[in-house]
Structures are given as structure tokens and as C-alpha cells.
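Subject: Structure handover

Hi,

Here is the structure I promised to pass on to you. Have a look at it first, and then read on for my notes.

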Amino acid sequence: MMRFLLLFSRQGKLRLQKWFTPISEREKKKIIRDMTSMVLARQPRSCNFLHWKDLKIIYKRYASLYFCLAIENQENELLALEVIHRYVELLDKYFGNVCELDIIFNFEKAYFILDEFLMGGEIQETSKQMVNRSIEASDMLQEDDNSDWYEVELFG
Amino acid sequence: MPAVSKGDGMRGLAVFISDIRNCKSKEAEIKRINKELANIRSKFKGDKALDGYSKKKYVCKLLFIFLLGHDIDFGHMEAVNLLSSNKYTEKQIGYLFISVLVNSNSELIRLINNAIKNDLSSRNPTFMCLALHCIANVGSREMAEAFASEIPRILVAGDTMDSVKQSAALCLLRLYKTSPDLVLMGEWTSRVVHLLNDQHMGVVTAAISLITCLSQKNPDEFKTCVSLAVSRLSRIVSSASTDLQDYTYYFVPAPWLSCKLLRLLQCYPPPEDGAVKGRLVECLETILNKAQEPPKSKKVQHSNAKNAILFEAISLIIHYDSEPNLLVRACNQLGQFLQHRETNLRYLALESMCTLASSEFSHEAVKTHIETVINALKTERDVSVRQRAADLLYAMCDRSNAKQIVAEMLSYLETADYSIREEMVLKVAILAEKYAVDYSWYVDTILNLIRIAGDYVSEEVWYRVIQIVINRDDVQGYAAKTVFEALQAPACHENMVKVGGYILGEFGNLIAGDPRSSPLVQFNLLHSKFHLCSVPTRALLLSAYIKFINLFPETKATIQEVLRCDSQIRNSDVELQQRAVEYLKLSSIASTDVLATVLEEMPPFPERESSILAKLKKKKGPGAVSVTELEDSKREGGELNGGGDRGPDTAAMASTPSPSADLLGIRSAAPVGAAPASAGSLLVDVFSEAGPIAPSAAVNDDGFLRFVCKNNGVLFENQLLQIGIKSEYRQNLGRMYLFYGNKTSVQFASFTTTVSCPGELQSHILSMHLCTKPVEPLVEGGAQIQQVLNIECLTDFSDAPLLNIKFRYGGALQNLTLKLPVTINKFFQPTEMTSSDFFQRWKQLSQPQQEAQKIFKANHSMDTEVLKAKVRQNVTPHSIMYRLTLRCSKDSVSRRLCELLAEQF
């Protein structure tokens, strides 16, 4: 399973953190520090994989953002890279040419999209259409603030 | 601020985020945040009821502040209120807040669980999914207790929407991982397995993670999943890239599901049913074939997805380890990747090949790639890839290519990254030993190792070369000659001096015939290094010198002169001084016969598992070195060199050394054997040390007696662990702080301590209860943890409570038991009285059993010590004996106290 996903900028500013197992706040801060320093220190065109403690760290840079995903030892590295890519695609599809600012200002949306895609550290839905459909459905619910929940069933 | 904000867009939030981003300094940011927190607090506390939108906005701001790294101590209640909102967006923010800021406040958990319960029974799929997500995100025991029975029902119910099924499957998986005892599959098992047949690919993808986890834990109950998985896999593999619509990822049909299916099959042995197996082999062949087809897209996503399946298929082939044809094909495929332009693929190919190398079917095929791998080691720009290459070389090494591989690894060492040098050194040392046919090659290799990377050569490595030289007489002359030559280098590493000193001390006579290496030349060479060395090395050299006196009587005068000089005999280091004094005395008073007996050549070391291998295992953590490899080396190591495990430090023949001369290997077997020796032991210890080590292996009470009269200090110390105590006593109560320090750089896992009171002690000392929480199970390298013991003394006692410590260091379980220095005298109260009062009371205690007396030899130099209380002490000056007399109203106290105090003089 996946253990955590971090998004941070080239300056090491954390933009999103998702923890799939309960970890203390102190430990989280330590991991974030370790990950940013480790990943940012990598030379360009190195491989995207690192060993860290008993985990594999898969990272990839998209524009100014680094995506850093920790997976358990038996998991597949290449597929983890594509998990990152698919998430980027989902963000891109939702925001349209997603950039770091979109994630800063709409962080809650970035979490919602991630939640549709992954759950408990496993893949929930790989289909872009399906994920987008649920996100859009909830957005339509948001626009109509007065809708009460009976109407929600239409979008299930 | 971006103009685009889909959905509702909370303007106030965007403004706030924008403000934070405009802050020029950390202080400004904190100021802005504090202002916002004050504002939100007043809004939440205000008289006016907030509408849902405002509540949502403020909760979202709090969440943002928390994610910036600031503490949030309010707002939880408002977030919980949002959960019961009928508006989706409010509910969603509420759940997000709860998921991120879990609070174990039980009152809150009850409210949260209530909201979740309502949403789960709402039959509204969107709400149900939110609730399931929240359970999975929090995943606490309380939630498992509340929902573990409900979720399987939702998962298998016929009318559950697909999206809810997906969430339910993964939610259940999360709960199963946190509280497996609460998730009872039983009746649901077969229906869950049949989710593999579900029409909806998303459902299968989610469910298979659950099924895989359950299969790992209960393979028998879930074994029907094998045939279902094979048929599902076969359908995907043979489908055209367009068949699966949106589940096709860059022209690869359902890569995630395919990998998960292949992973599930790795929980089981090859299918017994011929038809199923045939179908599976067909799938695997198809996957291997597809790797040879031209890519359908140039995008890296296409090749990643396709190769992810390929690597997973190769893992399955390796797992089965029964299809030679497939294994060889897999190996060839990986061989192609070794030269691929994608760094990621080269990395993964090197990694996978490591496992292939251990299969008898593919070992030879892997070996054919040796040149490519060596090339990778030399030319890869990325250190992590080079490290994989080194790993693979190690894995593919056998007798046929050992010399080449060891030579390459040695030359790589000269430029290797510092982070991996120590591991490389261990690997070279292991390979050199394991595949040595010719022991002069082995000696050369290790000496080269010390020359190239001396700082990274751990004690285990140089101990080992000495053990082997001692055990094999055909290599001793060569070893002596080689170290002699190596020592002639103007600057040589201290480890080289250690090996040189030891070997020349034992076998210098074998090369003494050559005038260029006559005894005096040898001695002068060694002694020229002496002053540059650390204390342990000097101690070793001193032992080598005394051995020289035995080997070459003609060096006696020179060496005695060296020993006699002030820098030796008055050395401020007690160990060096003691050795100098003892050796000087030994050489001048002992007859040649005695000398020859005491300083006889070391006997062969007993055979044991190589300590270097153990060290590598520790370094790599459990599971890194396969069992077969271990057994291999045991077998080969055994028959070839009869390698032993005892430390070759000269210590064994002389006085006890500093802790650096720990008897290796023994450390892991019985850590107490490695307890720090007091520097005061005598030469006669030679004989006691030759016997079985440390008869006190069961309970270590070395430190115990030192604490009779003191409360603070180091109770125990070995190479791994240091235990310090601080204690304070008041009347019948005591408190003891235990400090456990990890001296290594590796963490200790499953660290547990228990205190027990043996025998009748239980009723005498009340409640040695651990007052604080039990110690943390993990002790990081270099870290120290603390534990507090509260002690109450109810009546007098003589035994001491026992402290048992268990932990894992690397792979090995360490277990040690110490006597805690809780003694009866700790609970004494001083009383002032005049001497006449004292003698009056002394006379009152006149019954014979109230008195305890002991006459004993002084352990320490005599000093006029003043003893308080009712202790009389006579010193008989000529015989250096003490007589200690105690009288107490209770006879058991007299006896015990007498025993304890006698040791203190």
C-alpha cells in the first residue's frame, strides 16, 4: 500500500500532505523534512526511486512541484509513478492547466480529488472519467447551495 | 489569486490565503494567523448563530492554518456540526477537517461516529462515500469497533452502488489492517472473493486490494480466488487496448488491476489444476511477448504501465521458481533493460535480477550479464543505480567469477560514495572468504581492503582475517610476509597495524630467517607505528611485543627497555600501564618454559557463523540476506577455513582490554558476555577466560555491587546499549530512573523492559510498578529513552529485583537480564547518637543471630573509611584483611548487609 503522498515546491514548501496511516505530528514533520531534503538534493535525470527506511520513495517533478509518494517494499515502482501521473491528470482536468497556485488556493479540492482516486493507501478508481464524474457531481451540488439531499441521488 | 475557482469558492478563504502568501517574514505570517485565529474564535463564541456557509469557511481556514504547520486547538465541535449538515459542501469540509485533525477526545469521537452512522444509513451514495472515507482516514480502534460489522454488509449488499462498494472494500481493508480481530469475514468470504468477477472494473480494482490482504492472512479460506484471478487476468491480457475503455491507460489495458492480480497470485503456490496453470503460463508468456512488440505510444506513461505489468509478471515467475523456460526468458528480458536508456528501467532490472540470481534455474543466465553490470558500477551517474549494481554483483558471485567481481568491487571502493562504503567493505570481505580457494588471495584481498578503505573496515572484518590465518597453517607464512610488506608503507591505516601486530606476534618467526625481516627489524617496524596509534591498538602492540620476547629471545633486552620507559610504565592510561608493568615483570621473572606456556600460539578458533555476515544482515535489516545464502556460507565457511567467531584480540591471552576488543559474535549470542570489563583484572584471567564465557550469562550483576553505596551511574554497558540509573530514596520509598541509550546508529525495534521480583521478594517489595507508560518500542540510533520505577519497601529483603530487556538489533533478538541495584541499605535512615549511646545499643543487640561477621581480603587499597550506623570494623594492618561486624535487630538484615558491605572494601 501507499503510506503517504507529499507535494512540495522547489523551495521545499509543502503544498499537500496525505498520510494513509496514523502518524504523530512530530513524526510527520520529521518525514517531511527528510523527504524534501532528500528529493531536492537529487541530480536531474537520476532515477525516480529511492530506498528510505523500509519504504520505497517514488518522486517526480511536474513544473515547479515535486510529487513524492512512499510505498511499501513489495509495491511496484513504475505503477507508483503512474499513480502520481494520474493524479496530476485529474488535477489538470479539474483546474484546466493546473499550476501550483491552484493547489494552494483550492487545497480542499486537491484533497477531494485525491480522495476519489485513492483510499486507505490503495487505488480506488483508476478511471479518469469516473473520478471526474464524481468531482463534477459534487461541484454541481456546491453551486446549488439550496439543494437538499434528496436531489443528490441523481448524481450517484 | 487565481480568478478561477470552481464550485462555490469561499472568497474569505482566498483572501486569507493570499494575505499569508504576501507575508514577507515568518513573524508577519504568525501575526496574520493569530489575528485570524482570534477572529474565528470570536465568531465561534459569538452570540449570533453562524450560518452553515460561514461555519464551513472558518473551519476551512482553520484547516489551512493547521496544514501550514500551526497547532489548532479549537473548531473541532464546529467541524462535527458540519457533518450533520444536509448541504454536501458543508458536510464535505467537515469530514475533511476531521480526517486531517483526528482528535481522540472520546466525546467527539462519539459524535463523529453518530454522524457517520447517519450518513451510512442515509442510502445516499455520495454521503455514504464521504462517511466511508472518513472511517478509512481516521482508521481508529473506536471506529473499527463501531463499524467493522456494518461495512461488510454494505460491501456485499445487492443494491449497493458501485462507487460505494469501492469505498466499502477499501474502508474495510483499512479497518482490517488496524484491528484484524474486529473484522470477521466468515460468512462474507465467498461473496467478497466473487467481487473478482464484478462487471465494474473499478469495483474489482478496489476489492482486489482487500482480497490480497485477506489472502495473505488466511490463504486457505481465500484460495478459490486463484482460479478467478487467473481468468480475470487472462481476459485483460488478451483484450485489445480499446476494449476496456477508460480502464485502458495509455494503450495498456487495466495496468493497475493486472498488477494487483499478479500480486494476489504471489500469495499462493503455482495452481495445482492443470488447466488453470496452463492458462496462467499462457498469460505470462503473452506478457513477455508483448514486451518485445513495438510500443503503441512513445509516451513514457505507456512504457511505464506496460513494464509495471512485466516486472510484476517476472516477480510471479521468480516466486514460482519452477518454470525454467520462463525464468530464463525473464532474465533475458531484464538483460535488455540493463542497457535501456531509461534510468528507471536499468535500476529496476538490476534490482529484479538480484532475486533471479538466487534461483538455480536462472543463476547461470544472470551471470552472463556480468560485464554489463560491472560497466554499470563504473559508469552510472546515479548513486542509487550504482548501489543496485553492486548488490547484483554480490548476488551473482560464485566460485567461477569471484576473483573478477571482488577485484571490480575493490576498485570501485576507491571512488565509491561514502554512504555505501561500509556495506561494500563487508560484501567484499564476505565474498573473499566465501569463495577463497587460495588463501593467499584472501589475505591479499583483505589487506587491500584495509589499504583502500581502512576507515570503513569494521572490527568484524579484521578479526575475521586473523581467525582465518590462525586456523589455517598453510597461509600463516604468507600472511606474515604480506603484512610485513604492507607495514612498510610510510602511512598505513591503524587497522593494518592491528592486523600486522597480531600476525607478526604470532607468526613473525616464519619470516625471521630472512635478514630483511629479522626479529629486530620486525619489532622496529611495528614500534615505529606505535606512537601514532590509539590506545586499543597500542595495547594490542604491547601484547605483540611480549609475544616477540617469547618468539625471539634476542629481542628481550630491547623490548624490556621499551616497556620500562616512562611513557609505558607510567602511562596515564591504566590499561597500557598495566600491560607494560605486567609484561615487564613477566618477561623478567618467568622462566623460558613458563613464558613459552603463557605466550603459546593461539589455539584455532571454534567454527561459527561468520560474524561479518551477521553484521551485513544487521546493516541491511532482516530478510536482506536470504537464508540459503546464510546456510551456504556456513557450510562453505565451515569446511574451508574452520572460521571461528571469537575475537582474536590479544586480550584473550593478556589482561582484559577496553570495550573495543569485544568478543565478536558472542555479542549477539549472549550480550552479557560483552559487558565492559573492569580494567583491573589480572594476568591469571587468561585461564579463566579460556573456559566458557561468563558463567553469569543468565543474570548480569556486574554493575550491581557498585551501586550498594551509590545511587547514580552506569549500570550496564556493552557495544549496543548503555543503561544508566539515577535513584533517590526517602524512608521506605524509592524512585529509580532508568536511561536506556542506544549506542549504535541503527534503531532498536520491539524494545521492551520488564521488572520482576523473584521468589519471595514479591511480597517484600511492593509494586515495582512502572509508573509511566511502558518504554517506546523503537529506540532510534543514538537516542536515549527514560523509564521510571517506583519502589516501596514493605519489609527487609535480600534478593534484588530483575530487569529484563529485550529488543531487536538488526535481525537479532537481544535479551538481557540485570539485577537492579535495589538493596536493603537504600531504605536506611541515618541516626545521630553519641558514642556512649551507640555502644549501649550495640550491647543490647547481643543475641548471636543478630550479629553477622565477616573477615575478608581488601579488594581496594586501604583507606581510613568512616562507617556510620552500627558497623564496627577492625583493620588488621599486616594481613590486609578486614573484619566487619554488624549487629541489627533483625538477623536477616545483618546477614544481607554484611554480604553487601563486604564487597565494598
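Below are the conventions, followed by what turned up.

This is a predicted model, in which local features need pLDDT of at least 70 and side-chain atom pairs count only at pLDDT 80 or more, while totals for chains, interfaces and linings use all residues. Residues are numbered from 1 along each chain as its sequence is written, chains are lettered from A and ligands numbered from 1 in the order in which they are written, and side-chain values use heavy atoms, leaving out hydrogens and water.

Helix α2 (residues 77-95) of chain A packs with helix α14 (residues 255-265) of chain B at an angle of about 150 degrees, and their axes are 11 Å apart. Helices here are DSSP runs of H or I with at least four residues, strands are runs of E with at least two, and both are numbered from the N terminus. Axes are lines fitted to C-alpha atoms over the stretch in contact, with angles running from 0 to 180 degrees between N-to-C directions. The angle makes α2(A) roughly antiparallel to α14(B) (the term covers angles over 145 degrees). On the α2(A) side, the contact (heavy atoms within 4.5 Å) is made by Leu79(A), Glu82(A), Val83(A) and Arg86(A), and on the α14(B) side by Pro255(B), Trp256(B) and Cys259(B). These residues divide into 5 nonpolar, no polar and 2 charged; Ala, Val, Leu, Ile, Met, Phe, Trp, Tyr, Cys and Pro count as nonpolar, Asp, Glu, Lys and Arg as charged, and the others, Gly among them, as polar.

Next, a tryptophan in chain B. Trp441(B) sits in helix α24 (residues 439-453) and counts as buried, at 14% relative accessibility (buried is under 20% relative accessible area, exposed over 50%, partly exposed in between, using a 1.4 Å probe and protein chains only). Leaving aside residues up to four places away in sequence, Trp441(B) touches Ala402(B), Lys403(B), Val406(B), Ala432(B), Tyr435(B) and Ala436(B).

Ser750(B) belongs to strand β6 (residues 748-756) of chain B and is partly exposed, at 42% relative accessibility.

Best wishes

Definitions and conventions. Parallel < 35°, antiparallel > 145°, perpendicular 65-115°, else oblique.
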